[in-house]
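Here is a short report for a first look at a structure. Keep the sequence and the 3D view open as you read.

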2 protein chains.
Amino acid sequence: MNIDMIEAAAKRIEGHARRTPLLTSPFIDKIAGRRVFVKTEALQHTGSFKFRGAWSAVSALEQDALKAGVIAFSSGNHAQGVALAAREYGTSAVIIMPADAPAMKIDNTRALGAEVVLYDRDTEDRDEIGDRLSSERGLTLIKPFDEPLVIAGQGTVGLEIAEQAAELGADANDVLVCCGGGGLTSGIALALEAKAPSLRVRPVEPEHFDDVTRSLAAGEIKRNARTSGSLCDAIITPQPGNVTFPILKRLCGPGLVVPEENCLRAMAVAFSRLKVVLEPGGAVALAAALYHGDQIDGDDVIVVASGGNVDAEVFQMALTKYGQDA
Amino acid sequence: MNIDMIEAAAKRIEGHARRTPLLTSPFIDKIAGRRVFVKTEALQHTGSFKFRGAWSAVSALEQDALKAGVIAFSSGNHAQGVALAAREYGTSAVIIMPADAPAMKIDNTRALGAEVVLYDRDTEDRDEIGDRLSSERGLTLIKPFDEPLVIAGQGTVGLEIAEQAAELGADANDVLVCCGGGGLTSGIALALEAKAPSLRVRPVEPEHFDDVTRSLAAGEIKRNARTSGSLCDAIITPQPGNVTFPILKRLCGPGLVVPEENCLRAMAVAFSRLKVVLEPGGAVALAAALYHGDQIDGDDVIVVASGGNVDAEVFQMALTKYGQDA
C-alpha cells in the first residue's frame, strides 16, 4: 500500500468520480472558533466517497473477472458505489446488506441494478456470507475497506484535499475523517503523507463505536462491544482492518469520539450553512470540529463530510431538534 | 450589456465566488426521461448565485464610493450576497428587506454585518425606500437585478455552464433558469449567446408569479397581480426589469410555469438524489425538468438550482410531503 497505488487509482477515476468541493462558511467558523474547510464527499456520485474505492477496484479487474461479476458487503454506501461502478462497466453486482440498513440505501442499491442479499447484523457474519457466495458463483469480492485497491480509491480524497487546501490557503494541522473500518482514513493518511506531510489525519467515531480510537490508544486492534443500534450506520464496523490498522497506527493522530446528538446537530448546521445533506455517520467529523474543538490543533481544520445517504425521517429529526439554532 | 462585461466580472470574481458543480443523478434522469445537469448555485457563498452579482458590483466601485458604503433591497439572497461582499471589502451595507422574508435570510444578513431595514411588501415601495436612504446617506444602491454590473456577475454562471456542459458532454438545447426579475436569466443568456449559442435559456417561474413568461409571450412587460404569498420568495418580483427584459426578449425561449407543489417535490428529489438543499424558488427549474418535460426540447437538459436559503420548517414540509417517493 503506497502513494503510487493512490495515484494510479486517481488516473483510473479521473472523469468518473467528482472532484468534490472544499466548502467553508463564516457561520461555521464562528461556531468552531477556527476556520473549517469541509471536503464534501456527500456530493460524490451515489452520495458518498465509497464510489471512489468501488471504481478503483472494479476498474482494476481483468476482463474475465469483470465479466463474471462482483460481490460486496455493505451497510449501504459501499453497496451503492459498487453497484454503480459495476453497472457502468456493464457487469453484475451482488450486494450483501444488513437488514436494518436505511431503506433508502437498500432501495438505491437495487435501483442501481444490483442483486441485494439481506442478513442479520447481530447473528450472522457478513464475511462468511460474502466468502460463500463469491466462491459459489465465481464473483470477485470487493471488500468495503480492508482491500488495497479500495483504500487507494478512497485515498484520492486525500490527493484532492492536499491540492484544495493549498489553493484555499488552509493553515491546518488536523484533518478529521469519519472513520468506520478505516479505508477512507488510511487512504487519506497515505495521500497526505506524500503530498502534504504537515497535515495529520485524525479518525472521528461516534460514541460507543470507537474501536479505532481505542485501538490507536492501545497500539493494537480492539473490537466494539456492539455492532448495531447507531444512527451512524455508515461507519459502524466491528474493528479496524488488518490492512488499514497498521497504516492508521503509523500515520494518524489520536481519535476523537462524538456523541450521536452532536452528529444530528452538525447535520442541521450543514443544512443551514453549507446547503448540503449529511447522514449522521457522514457528519461525525464536522461535529468534532464544531463541538469538540478543544481537542483539535491549529488555526484551521479540515473535515471530511463523507456521505449524505440519510432517510428523510432521520434528517427531519435533526432539523426538528437543531434546525432553529443552526 | 455585453459579453465583455461578463468576462470582466469573471476576472474580478475569480478566487472569490465558487465554481459550483454541475451535478447529475441516474435517479433524476429516470424521473425526467432525459439526462439532467444541475448547476448547483445553492452551493455558492451565502447559499445562492446572488453573491456573484453582489461581488461584481461592489468590486467595481471607486474607492470613495466603496468607503461610503452600499445599500440594497432584497427578499434575502441578494441581501446576503451584498452583505458578505461589503464585509469582505471592509465597508458597510444597509439592506432593505420585506418583513415577511424567511427568518433565516434576515438573521443571516444581520449576522454578515449588514444593517437591516424591514418594509411591508404589500403597502410600501422598496424602490422608493432605497432611493431615499441612498441619497440621505450617500450610499451606492446595488439593485438586485436591473443593473448591468449585477447582470454581468450573474452571467458568470453562464460562462461556467458553457465550459462544464462541454466537459460532461451534455447534449442540451434548453437551459432552465429560476427567474425573478431576470438578472440571472439575462446574464446566463448573454454568456451562452457568446460561448454556447446552441443552448437556449428558458425562464422558469412559479404559478401566479409568471410575469416574465407572460411578458415574453406578449412581447412587452407585464406585471404580477400579487407580489407576496409564495413559498418561492426568492424569485417573486413585480415585473421584469427595464434592463433585463430586452435581453430576455431577444435571447430566451418561452417561459415555463410550475405549481408550487412541484417545487416542494423537486426539493425532496434534490435532497435524496443530489444531497443538496434547495429553497422553493431555487427549485423551480429542476421542477420543470422533472415534471414538465413535455415542454422541453432535447435529449439532455441543463437546469440552474439557484439557491438553498430555506427555513427548516419549509424544508421539513417538503420532506414530509414528498420525501418518501423521491
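## How the copies meet

Contact means heavy atoms within 4.5 Å. Of the interface residues of chain B, 100% are also interface residues in chain A, so the copies meet through the same surface.

This is a predicted model, where local features need pLDDT of at least 70, side-chain atom pairs count only at pLDDT 80 or more, and totals for chains, interfaces and linings use all residues. Residues are numbered from 1 along each chain as written, chains are lettered from A and ligands numbered from 1 in written order, and side-chain values use heavy atoms, without hydrogens and water.

A pocket is an open set of points on a 1 Å grid over the protein atoms alone, where a 1.4 Å probe fits, with protein on both sides within 12 Å along at least five of seven lines; lining residues have an atom within 4 Å of a point. The second largest pocket holds about 760 Å³, the space filled by probe spheres set on the points.

Its lining has 44 residues. B:Arg126, B:Asp127, B:Phe145, B:Thr237 and B:Pro238 lie nearest the centre. Domain 1 (3–49 + 148–322) and domain 2 (51–141) of chain B each give the lining at least three residues; the bounds come from an automatic or database assignment.
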